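Please look over the sequence and the structure before reading on.

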Amino acid sequence: TNARMAAQLTTAKQAAPSDVTVLLLGETGTGKEVVARAIHRWSPRRSKPFVAVNCAALPEHLLENELFGHQSGAFTGARTSQPGLIEEANGGTLFLDEVDSLPMLAQVKLLRFLHDGEYRPLGSTKVRKASVRIIAATNTDLEESVSIGKTRQDLYYRLNIVQLTLPPLRDRAEDIVLLAEHFLAKYASEFE
């Protein structure tokens, strides 16, 4: 294994037993979700859900609903209550991929959740609590995103407790054979 990647995995393993927020940085395809899943597996939360959400894949008007859920009647067509991903991940880990895509209002609500574990589903008057470990990832420069006002500075500080920067595969030539063998074995067993 590449020495830089091995160092990041060692830090990930050290951070896993605690509930600290982890920020994974790296280009697309560096394995950020794989590392997030490993942190979850190495943690005391391993028997609870690992819930992944790509923040950029959800339209802005649906993102809050996906994260926090809604009460019946919260909006036109909301005939029943629906739990959000935070409730689904309760006791486990919520992986926020492309966290830099969160709109400002969702950032404010996520910040509150990170601060005290409380959130309010859309249309609800009651605050709920959940115990969820947050792992966030981005392939952009979050410090630059803060400087241009796209990402809240306080959210950046809350997410950036433990930072791991995953090197791209082009800088990890020694890992190519390991990855090729892994995928050959995986797909050979799937298609037997």
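Helices (H or I, at least four residues) and strands (E, at least two) are taken here as DSSP runs, numbered from the N terminus. The model is predicted, and for this reason local features need pLDDT of at least 70 and side-chain atom pairs count only at pLDDT 80 or more, while totals for chains, interfaces and linings use all residues. Residues are numbered from 1 along each chain as its sequence is written, and side-chain values use heavy atoms, with hydrogens and water left out.

Helix 1, which runs over residues 3–15, has 13 residues and reaches 18 Å from its first C-alpha to its last, close to the 18 Å expected at 1.5 Å a residue, where the expected span is 1.5 Å times one less than the number of residues. Its buried residues are Met 5, Gln 8, Ala 12 and Ala 15, buried meaning under 20% relative accessible area, exposed over 50% and partly exposed in between (1.4 Å probe, protein chains only). Because they cover an arc of only 85° around the axis, they lie on the same side of helix 1, the arc being that of the directions from the helix axis to the C-beta atoms. The face turned away from this buried side carries the exposed residues Ala 3 and Gln 14.

Thr 21 lies in the loop between helix 1 and strand 1, and with a relative accessible area of 10% Thr 21 is buried. Val 22 belongs to strand 1 (residues 22–25) and counts as buried at 1% relative accessibility. Leaving aside neighbours within four places in sequence, Val 22 is in contact (heavy atoms within 4.5 Å) with residues including Ala 15, Ile 39 and Leu 164.
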